[in-house]
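Here is a note for a colleague who is opening this structure for the first time. Please keep the 3D view at hand while reading the points below.

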Amino acid sequence: MRIALFLAAVFAAAVALTALGVSAQESLRSYVIVGDAIPDSLTGEAGDAARGRAIVANRSVGLCLLCHRAPIPEERFQGDLAPDLAGAGARWSEGQLRLRLVDASRLNADTIMPPYYRLDHLQRVARNFAGKPILTARQIEDVVAYLASLKE
Amino acid sequence: MRKLSVALGLATVFLASLAMAQAGKDQRRSGYQDMGPTLQKMQDDDTANPAMLYVQAGEALWTQKAGAADKSCADCHSAGSMKGVAARYPAIPPGGDRPVDLEGRINLCRTEHQKAAPFGAESEQMLDLSAYVALQSRGMPIAPPNDPRLAAFRMHGGQLFKGREGQLNLSCANCHDDNAGKKLGGATIPQAHPTGYPIYRLEWQALGSLKRRLRNCMIGMRAEPFDEDSEDYIDLELYLMDRARGMTMDAPAVRP
């Protein structure tokens with residue numbers, strides 16, 4: 001009897017946790033990975049490259065320039081611990097860029113690249129960022145459009 | 001022809017031994033070695049190093065009687081007796097069962113011996129006094145105690161150092177082990193050896209503790225910082241001091 005009650009409690013807790021997990025997940029759009037890419041836009045629409053450039057250049061929004069260089073000459077102090085974004089659009093398709101932004105750990109578990117559109121398997125997330133991806137689906141699409149335009 | 005081959009052989013041996021000597025050389029660099037000559041000069045000159053103002057205040061505190069016991073630090077500790085102390089903390093205090101850092105040790109003296117209220121973390125007095133004590137280890141090698149009870153705490157600190165955290169899902173090791181020397185934004189990533197704490201950080205325009213520095217990194221990773229009195233800080237510091245074992249203390253240091 002006691003065991004049954006315990007099991008029921010465990011079950012209830014598991015259901016509650018799953019529900020929480022699902023509700024956190026639900027703020028993310030679902031996507032399909034094909035090979036090493038997410039071929040379809042997260043929003044169903046094409047991003048805006050000009051907005052994407054502004055996101056990449058912004059150190060508290062995209063954060064990209066902390067680690068990457070990019071052909072954004074007005075921004076000094078670009079990092080150099082990750083690949084130069086110049087030519088990214090020649091090296092990768094939009095779908096490949098999208099997966100590398102959304103969750104690069106799908107391709108390399110040890111990558112330093114933050115998961116820009118993932119909420120699970122994160123530890124000690126600061127309260128003001130909890131439950132939020134680094135970029136929204138629309139921002140991801142804007143950055144994809146910008147990076148895809150960097151052909152050289 | 002034979003002469004040439006002998007010369008080539010000798011050159012090869014020479015280059016190989018040079019390479020071996022390089023490989024055997026300590027690859028660790030302190031934050032001091034990573035800064036420009038202007039800042040190094042500022043740190044080296046006691047009349048220009050802003051941390052020395054805090055040291056002076058700490059020296060005054062050292063002889064000031066405090067608490068219900070009406071005792072000063074100097075009533076128990078002779079002048080210069082703090083030599084090497086900052087270079088070996090965190091350590092487990094007598095009768096204790098877990099390590100405390102230098103600030104924790106100072107507060108134990110306050111509560112147990114002076115019967116006074118502990119200083120607040122990051123309080124002016126705590127920074128002053130720890131700077132005064134740390135200065136007495138300047139030039140000495142970091143020498144954590146060989147206390148086997150520390151191993152478990154140190155291992156936990158290592159796990160914290162290597163564990164991912166925050167919205168950006170980064171570990172300390174991602175930057176300070178794997179990418180030290182490269183540029184994060186405009187700043188050179190240091191190897192994170194705690195040789196100089198408390199440090200006068202130009203970015204802060206103030207003296208600050210290692211805890212404050214660790215908190216900065218956590219906020220940068222968008223992680224929830226440890227609570228002010230969390231033992232996690234001590235464990236991390238234990239790990240860092242062991243990682244920097246043998247490196248030269250340069251406290252109180254100036255950093256960008």
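**Notes on the two chains and their interface**

1. Chain A has six helices and zero strands. Along the sequence, its pattern reads α-α-α-α-α-α. Helices (H or I, at least four residues) and strands (E, at least two) are DSSP runs, numbered from the N terminus.

2. A word on the source. This is a predicted model, in which local features need pLDDT of at least 70 and side-chain atom pairs count only at pLDDT 80 or more, while totals for chains, interfaces and linings use all residues. Residues are numbered from 1 along each chain as its sequence is written, chains are lettered from A and ligands numbered from 1 in the order in which they are written, and side-chain values use heavy atoms, with hydrogens and water left out.

3. Of the 152 residues in chain A, 36% are buried. Buried means under 20% relative accessible area, exposed means over 50%, and partly exposed lies in between (1.4 Å probe, protein chains only). The accessible surface of chain A is about 8800 Å², with 59% belonging to carbon and sulfur atoms. Such areas come from the Shrake-Rupley method with a 1.4 Å probe; for residues, only the protein chains shown count as cover. Take the contacts in chain A between residues at least 6 apart in sequence: 54% join residues at least 24 apart. Contact means heavy atoms within 4.5 Å.

4. Look next at His68(A). His68(A) sits in the loop between helix 3 (64-67) and helix 4 (88-91) of chain A. Is His68(A) buried or exposed? His68(A) is buried, with a relative accessible area of 13%. A polar atom of its side chain lies 2.6 Å from the backbone oxygen of Pro83(A). Leaving aside residues up to four places away in sequence, His68(A) touches Gln78(A), Gly79(A), Ala82(A), Pro83(A), Leu85(A) and Met113(A).

5. Now the interface. In all, 21 residues of chain B are in contact with 29 residues of chain A. The size of an interface is often given as the accessible area lost when the parts come together. Here, the area buried between chain B and chain A is about 2000 Å², and carbon and sulfur atoms give 53% of that area. Gln167(B), Arg222(B) and Glu224(B) supply 35% of the area that chain B buries against chain A, more than any other three residues. Buried area is the accessible area (1.4 Å probe) that two parts lose on being put together, summed over both.

6. How many salt bridges are there between chain B and chain A? The count is one. The side chains of Glu224(B) and Arg127(A) form a salt bridge, at 3.4 Å from N to O. The term covers a side-chain nitrogen of Lys or Arg within 4 Å of a carboxyl oxygen of Asp or Glu.

7. Twelve residue pairs, both at pLDDT 80 or more, are in polar contact between chain B and chain A. The side of chain B that touches chain A has eight nonpolar, seven polar and six charged residues. A polar contact is a pair of N or O atoms within 3.5 Å; within protein, one must be able to donate a hydrogen and the other to accept it, and residues adjacent in sequence count only if both atoms are side-chain atoms. For the classes, Ala, Val, Leu, Ile, Met, Phe, Trp, Tyr, Cys and Pro count as nonpolar, Asp, Glu, Lys and Arg as charged, and the others, Gly among them, as polar.

8. Check the backbone too. Most residues other than glycine have a negative phi, and most peptide bonds are trans. Arg222(B) has a positive phi, near 60°. Arg222(B) lies in the loop between helix 10 (210-220) and helix 11 of chain B, and is buried, with a relative accessible area of 10%. Phi of Arg124(A) is also positive, near 50°. Arg124(A) is partly exposed, at 35% relative accessible area. The peptide bond from Tyr197(B) to Pro198(B) is cis, with omega near -5°. Another cis peptide bond joins Ala251(B) and Pro252(B), with omega about -10°.

9. Finally, Ser171(B). Ser171(B) is buried, with a relative accessible area of 4%. Its side chain reaches the backbone nitrogen of Asn174(B) at 3.0 Å.
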